[in-house]
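Subject: Structure handover

Hello,

Here is the structure you asked to take over. Please look through it first, then read my notes below.

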Amino acid sequence: MFKDQEMEQRYLTDRFLVDHLSIARAFIVFSLFYSIFVMVDLQLTFIEPKYFQFSIAQKMVVPIVGLLCFFYVNKNVSVRALDQAVFVYAVVFVINLFLSFYGYTHWTTEPVTLLEITMASVFVNLLISIYAPLRLHHQLLTTLFIALMTIVFVRHEIHLSGSKSSFCFAFLMIANGFAWSITVTIHRNFRRYWANKQERDIDNHRLRQEIQQRERLEIDLKRLAMTDTLTNIDNRRSFMEHLHREVKRAQRQHNPLSVINFDIDLFKHINDEFGHDVGDRVLVDVSRLVEERLRESDIFGRMGGEEFAILIPDGDLEDARKLAEILRQAFHHHSTLHQDKILKVTASFGVAQFKINEHIDDLLKRADQAMYKAKNAGRDCVKTQQQL
Ligand SMILES: Nc1nc2c(ncn2[C@@H]2O[C@H](COP(=O)(O)OP(=O)(O)OP(=O)(O)O)[C@@H](O)[C@H]2O)c(=O)[nH]1
């Protein structure tokens, strides 16, 4: 028995719930077994004919109660239902067994022997202790009850001399005590196994939690390594990874692919005039403005400082130019209010389309050149590779 009452209760509940099917099955098995016993009884010619029907009817009670218990348990599998069913079945079984022995002693020509009675009581004791997950003191009480009932029966039915009877009672008590000690060992092992399993479950649970935490951490780290901390969009590394992947796909599928490079105009002035914090806010603002106008498949990254790039998979030069123009106008018409002052930013855009088998660096270089061309053309405009 566990010292902790709560643990003991959990153990009993667990054992009951785990074993409810085996207990229900045990009812069926015992009921069938007992029915066979009844069949065998029909063949016993040494039972007096006038007691025959009573003997059969009395024995039939056990399988009937067993079946009823089985249906009751199956219908309502609660710990309480199991408890009640096991109790009812055990009581009927024990009473029936003793009635059978009584019958054999009185109605047959071959009375039952002390050894048979002892074996039966030990058997019943073992059966109840193993199948019914009782607390240890309940088990002890059950054992004592069965032993006492056996003694009363023997005393009443088998007339033994004084010395012989005390030897027989001692033998009965020892045999039942032995049965009890076996069940105690069995239950101690059950409890030890259960406690180990609980510990293992707790360890496994902790391990699973740790693994999940590590996985989450890894995802966070990966995300951090791929994200620009200020604007929360892809950083240069992530953008380049996407670009490599998309270029390979474009080459494989012979699809167009274009890149837009843009740089905020005269950003240094914003920093100098309003301070670095406001400059940062502008970068975040600009990122949101662009993000809102992109498709799901477009990839947007901050390449460093106030320079950004957009990758348009499946988009040709004209698609990219149109998008760059939309963004340019959005910048143009957008303004941020800072301490009663209206802050306006514009950007210069360079657009280039990927040429089959060209190196990625060449593609980016052409987009860069187009962007510088836009800067030289007075800023706030879009230039394509063709206009170089
Ligand atoms: N607030 C802020 N400023 C940055 C950041 N990264 C780069 N800068 C500033 O951006 C400015 C870029 O200035 P320049 O390269 O001279 O270009 P510009 O002033 O935008 O002029 P043009 O590109 O010729 O239109 C520098 O003053 C950098 O300090 C950043 O993360 N936050």
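A term to start with: a residue is buried under 20% relative accessible area, exposed over 50%, and partly exposed in between, using a 1.4 Å probe and the protein chains only. By that rule, 44% of the 388 residues of the protein chain count as buried.

Two notes on the source. This is a predicted model, where local features need pLDDT of at least 70, side-chain atom pairs count only at pLDDT 80 or more, and totals for chains, interfaces and linings use all residues. Residues are numbered from 1 along each chain as its sequence is written, and side-chain values use heavy atoms, with hydrogens and water left out.

The overall picture

The protein chain has 11 helices and 7 strands. These are DSSP runs numbered from the N terminus: helices are H or I with at least four residues, strands are E with at least two. Contact means heavy atoms within 4.5 Å. Among contacts in the protein chain with a separation of 6 or more, 70% join residues 24 or more positions apart. The accessible surface of the protein chain is about 22500 Å², and carbon and sulfur atoms hold 59% of that. Such areas come from the Shrake-Rupley method with a 1.4 Å probe; for residues, only the protein chains shown count as cover.

The ligand

There are 16 residues around the ligand, and Leu266, Phe267, Asn271, Asp280 and Arg302 come nearest. Near means that a heavy atom of the residue lies within 4 Å. The shell divides into 4 nonpolar, 4 polar and 8 charged residues. Here Ala, Val, Leu, Ile, Met, Phe, Trp, Tyr, Cys and Pro count as nonpolar, Asp, Glu, Lys and Arg as charged, and the others, Gly among them, as polar.

Which elements supply the shell? β1 (257–264), α8 (267–274) and α9 (276–291) each give at least two residues. The largest share, 4 residues, comes from α9.

Now the polar contacts, which are pairs of N or O atoms within 3.5 Å; within protein, one must be able to donate a hydrogen and the other to accept it, and residues adjacent in sequence count only if both atoms are side-chain atoms. A polar side-chain atom of Asp280 is 2.7 Å from a nitrogen atom of the ligand. The protein covers 67% of the 660 Å² of accessible area that the ligand has on its own.

Helix α8

Phe267, Ile270 and Phe274 are the buried residues of α8. They lie on the same side of α8, because they cover an arc of only 60 degrees around the axis. That arc is taken from the directions from the helix axis to the C-beta atoms. The buried residues pack against β1, α9, β4 (335–338) and β5 (341–344). Turned away from that side are the exposed Lys268, Asp272 and Glu273. Gly275 follows α8, with a positive phi near 100 degrees.

The loop between α11 and β7

Arg379 sits in the loop between α11 (360–376) and β7 (382–384). Its phi is positive, about 70 degrees, although Arg379 is not a glycine. Arg379 counts as partly exposed because its relative accessibility is 34%. Asp380 is in the loop between α11 and β7. Asp380 has a positive phi of about 50 degrees and is not a glycine either. At 17% relative accessible area, Asp380 is buried.

Best wishes
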